[in-house]
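Trainee: Could you walk me through reading sheets and salt bridges in a model like this one?

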Amino acid sequence: MHALTLYYLKMADYNFKEIERKWQSYWDANQTYKTRIDHSKPKYYVLDMFPYPSGAGLHVGHPLGYIASDIVSRFKRLNGCNVLHPMGFDAFGLPAEQYAIQTGQHPAKTTDQNISRYKEQLLNIGFSYDWDTEVQTCAPDYYKWTQWIFLQLFESWYNQKEDRAESIETLIRILASDGNKNIKAACDEDTPLITAEDWNGYSEQEKAFLLLKYRLTYLAETTVNWCPALGTVLANDEVRDGLSVRGGHPVERKKMKQWSMRITAYADRLLEGLNRIDWTEALKEMQRNWIGKSFGCSVTFDVLDSDLKMTVFTTRADTIFGVTFMTIAPEHEMVDQLTTPDQKNAVRDYIETAKNRSERERMSDVKTVSGVFTGSYVIHPFSQDKIPIWIADYVLAAYGTGMVMGVPSSDTRDYAFASHFKIPIIPVQEGAHTDITNPDFDPKAGTMINSDFMNGLPVTEAIELATKRVEEKGIGEAQINFRLRDAVFGRQRYWGEPFPIYYVNEIPIPLPEDELPLILPEVDAYLPTETGDPPLGRASEWKYNEKYPYELSTMPGWAGSSWYLFRYMDPKNEKEFVSKEAQEYWQNVDLYIGGSEHATGHLMYSRFWTKFLYDRGFLSVDEPFKKLINQGMIQGRSNFVYRIKGTDQFVSYNLKDDHDVQALHVDVNIVDNDILDIEAFKNWSPDFKNATFILEDGKYICGNEVEKMSKSLYNVVNPDVIIENYGADTLRLYEMFLGPLEQSKPWNTHGIDGVSKFLRKFWRLFHDKNNQFNISEEKANDQELKILHKTIKKAIEDVDRYSFNTSVSNFMICVNELSSLKCNKREILEPLNIIISPYAPHITEELWSLMGYKDSIMNASYPEYNEMYIQEDSFEYPVSINGKLRTRIDFNLDIPREEMERRILASEVVQKWLSGKEPKKIIIVPRKIINVVV
C-alpha cells in the first residue's frame with residue numbers, strides 16, 4: 001500500500017489538518033504542478049491579477065478569484081491540457097515606501113517579509129501554482145526587462161501611414177532625406193515643420209529635442225496630480241475628492257516636466273481590439289468611454305477687441321446658434337490673457353480651488369456647478385453676437401482644446417451651468433423629447449429652430465450641413481477626437497523601477513542594454529531632498545560613469561504589471577524577457593480573473609504595451625488577455641455594540657431603542673453568531689476594561705451590517721483562522737458556495753458549518769461504520785449511475801459557465817443521494833472523487849491514494865458523462881385547475897395523449913376540484929405543465 005496512507009490503517013477519521021499538511025508537502029516534493037512546454041498537449045494559460053503584498057496579509061475576500069482560477073486550472077489539467085497557472089507579486093508600491101519613511105526600514109525588507117507571509121497563506125489554501133515561475137516586480141532580474149521595454153519605447157515612434165510602431169532609426173532616415181513634411185506620425189502638437197536641410201544642420205541637442213516629440217516615451221511639461229505629503233505625482237485613479245486615495249492627503253494640480261507614454265497613438269487600435277476579446281460588455285464600455293472617440297469639427301471664435309482666438313472641438317456643430325457662453329478649463333494657458341483686470345482676483349480665487357480636483361473627479365461629478373466670468377467676450381462667427389467667456393472646472397485642458405462652446409438648450413451640463421449663473425438659453429431643437437428639463441430629453445431628437453440655414457432640418461442632417469458651412473467659412477474643419485490622454489509615467493518616489501536614462505547637456509540618453517539592470521541605489525532617507533528633488537537625489541554620486549546624472553524619478557506602479565504575463569512563460573531567461581518558443585507556445589492568457597477597478601488602469605496599459613511589443617516583433621499576439629472575468633467582492637459582515645452615551649455601559653441590540661446610544665464597530669472575531677464574548681471584549685481595548693452590560697436572556701446580542709471588508713471596520717476574517725478550524729478544502733468550497741463569482745456577497749462564518757459537514761459526509765461514503773476505508777468493486781446499478789452522470793454533466797457545464805456555486809450545490813445533492821443508497825462502489829465514487837478534486841484537492845488526493853493509486857489525482861482523466869444513463873423515462877407533471885396548482889402526476893414519456901387525459905380525469909384530486917363538471921379543455925405542455933380548464 002502507498003506509504004502516504006499507512007497511518008489510515010489505524011484511524012480513518014477525517015483529520016483535515018494532517019491530510020492538508022501531508023498533501024501540500026507531497027505536491028511540493030514531487031513538483032506536481034511543474035509546468036513545461038509540451039507540444040503534444042493543448043495549452044491553457046490561467047492567470048490571476050497578482051497581488052500587492054501588504055503587511056496585513058490576505059483576508060477571506062482575497063482568495064475568491066484565486067480559488068475560481070484554481071478550479072479551472074485543475075479542471076483543464078484533468079481534461080488533458082498543459083496548464084500554466086502562475087503566481088507572483090506586484091511588489092513596488094507606496095505603502096512599503098511610507099513605512100520606510102516612518103521607520104527607516106528599507107522597502108525591500110518590508111516587501112520581502114510581506115511576500116513570505118502571502119506565500120505561506122497561499123500555500124495553505126492548496127493552490128496549484130508552479131512556484132518556480134514566480135515573479136516579483138521589485139526584483140532586479142525582473143525590472144531589468146521592465147527597463148528594457150522602456151528603452152524599446154524610447155527608441156520607437158508611431159508611423160500612422162503603416163499604423164504601427166517602428167524603430168526611431170527609420171524616422172531619422174526620413175528626416176535626413178525628406179524632412180517631416182510627408183511624415184504622418186503620432187507626435188506633439190507643436191512639432192515644427194522642417195526640411196532635410198534643417199535636420200542635417202541641427203546640432204545633436206536640437207535633433208534630440210525634436211526626436212522627443214516623436215518618441216513613444218518622452219519628456220514634456222504636463223499638468224499632474226502633485227501630492228506634497230507623499231512627495232510624488234499620482235495617477236487620476238489614485239485621487240478622489242481632491243485627496244490621495246492612499247492616506248487621504250491633499251492633492252494639487254501643477255505643471256511639471258514628466259516622462260509620459262504616448263498611448264494615444266494606439267487609441268483606435270485599443271478600441272478595435274475590444275471586438276476581438278471575450279470581456280464583459282460593461283468592462284469594454286468602460287474602456288470605450290475612457291478612450292472616448294468622437295466625431296465632430298473644430299470651430300474658431302475671435303476674442304472681442306483682441307488678436308486672440310478660441311478654438312473648440314464639438315460633436316454638435318448643428319447647435320452653434322444656441323451658443324450663449326464659452327467655457328475654458330481653469331488650468332488652460334490662455335486664462336491669464338483672457339482675464340480682465342476687474343476679474344483678476346475672482347479668477348485667481350476660483351483657480352486656486354478648482355486646480356485641486358482631479359480630472360476623473362471633474363468628469364464624473366455632474367452635481368457640482370462652479371465657475372467664474374473672465375470679463376472677456378468672443379464674437380459668434382455666424383450671428384456676430386457678443387458671447388461671454390467663463391472658466392469652469394467641468395472643462396478639461398487635456399480634452400479637445402480645453403475650451404467648450406456652451407449650448408444650454410442641448411447639453412445637460414451646459415444647462416446646469418447656464419441656469420446656475422442665469423445665462424440666456426436659446427432653444428435650437430423642437431419636437432418630441434427636445435425639452436431639456438424633462439427626463440425623456442434626447443439631445444439628438446427633433447428638428448432645428450432658431451438656427452438660420454439649418455431651420456427645419458433633422459439633427460443628423462443639420463450636423464453634416466453645419467460642419468460643411470464651418471469649413472466653407474474657413475473657421476474650422478471636420479475632426480476625430482479622443483478623450484484618452486498620454487499617460488504620465490514618472491513618480492517622485494524611491495520604491496520603483498529606476499529609469500535607464502542619464503543626461504548629457506539636458507539630453508536624455510538611454511543606458512546601453514548590456515548594462516541593465518540599473519539597480520536602485522541606497523539612500524540615507526526615503527524623503528525628497530531639501531532642494532525638492534525626488535529621494536533618488538539623496539544617492540551618493542549616483543551618476544553614469546561617475547559623470548552624468550541619472551533620471552531621479554522612478555517608474556509608476558503599472559510599469560511592472562503591464563507585461564508580467566509574458567515573464568511567467570519564461571521567468572529564468574537571462575537573455576530576453578521571453579523566448580520566442582515560450583511565447584509562441586503559450587501565446588497569451590486564456591482566462592484572466594481580477595477586479596473591475598483596473599479597467600482603465602492596468603488593463604489599458606497592458607493592452608498598450610502588448611500592442612507595442614507586437615509591432616516591434618517581440619510578440620506574436622497583440623492582445624494580452626483573451627477572456628477576462630471580474631470577480632465580485634466578498635463583503636464583511638460587521639458587528640456593532642451599543643454604548644449608552646456618556647457612560648461605560650453597553651446595551652444589547654434588541655434593548656437599544658430604549659436608550660440614547662452610540663453604535664461602535666466591534667471585532668467580529670470575538671463575536672459568535674452575533675453573541676458577544678464579553679470577557680474578550682473587555683480585553684480587546686483598554687477603553688472597555690470597565691464596561692458593564694445590559695443583557696437579554698443572559699447574552700449580549702450585537703447588531704450587524706454588510707460593509708466592505710476592512711481593518712478599520714474590524715470585520716476582517718483571516719483565512720488562517722478558517723483553515724485552522726475547518727480546513728482549506730472547506731474554505732475553498734464555501735467561498736464558491738457563497739454565490740455567483742461575479743457578484744458581491746457577504747461573508748458569514750456561521751454559515752460555513754454546512755460545507756464542513758458536507759465534506760465529512762463525502763468522506764464517510766468511502767468508509768464503513770467502523771471508520772475503516774471500504775469501497776466495493778460491485779457493479780453500479782442504474783439509479784447510482786444516473787446520479788453520478790447527472791453530476792458529471794452539471795459539473796462540466798458549470799465550469800464552462802464559471803458557475804462554481806451551483807456545482808457545490810450539485811455535489812451536495814449527489815452525496816446526499818448516494819448516502820441514502822449506502823453506495824460505496826468504486827465505479828461511482830472514483831469518478832465522483834475526480835470531479836470534486838478541483839474544488840477540494842486535499843481530501844480527494846487522500847481518497848485517491850486510499851483507492852490504491854500511487855501518483856497524484858492530477859494525473860487522472862476527467863470522467864465523461866454518458867447520456868444513456870441520464871435520459872428520463874418519466875416526468876412528474878404539475879397539474880393545475882384553472883391555473884392553480886392542485887396536484888402532481890407522474891407519466892411515462894411515451895404515454896399517448898388520450899391515456900394522459902384519461903388518467904388526469906381519473907385522479908381523485910382532479911375529480912374533487914371538478915365537482916362533477918366537465919372540463920372545457922385540458923392543456924398539456926410536454927415535460928412542463930398540465931392545466932385543466934373548467
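Mentor: Let's take the ground rules, then the sheet, then the salt bridges. This is a predicted model, in which local features need pLDDT of at least 70, side-chain atom pairs count only at pLDDT 80 or more, and totals for chains, interfaces and linings use all residues. Residues are numbered from 1 along each chain as its sequence is written, and side-chain values use heavy atoms, with hydrogens and water left out.

Trainee: What is the strand order of the open sheet?

Mentor: Strands of a sheet pair through backbone hydrogen bonds, either parallel or antiparallel. Here 4 strands pair in parallel, in the order 2-1-24-25. (Strands are DSSP runs of E, at least two residues, and helices runs of H or I, at least four, numbered from the N terminus; pairing takes at least two DSSP bridges.) Strand 2 (82–84) and strand 25 (628–630) are the edges, each pairing on one side only. Strand 1 (residues 43–48) and strand 24 (residues 591–594) are joined by 3 bridges, and leucine 47 has tyrosine 592 as its bridge partner.

Trainee: And how many salt bridges are there in the whole structure?

Mentor: The count is 44, a salt bridge being a side-chain nitrogen of Lys or Arg within 4 Å of a carboxyl oxygen of Asp or Glu. One of them joins aspartate 798 to lysine 794, with the closest N and O atoms 2.9 Å apart.
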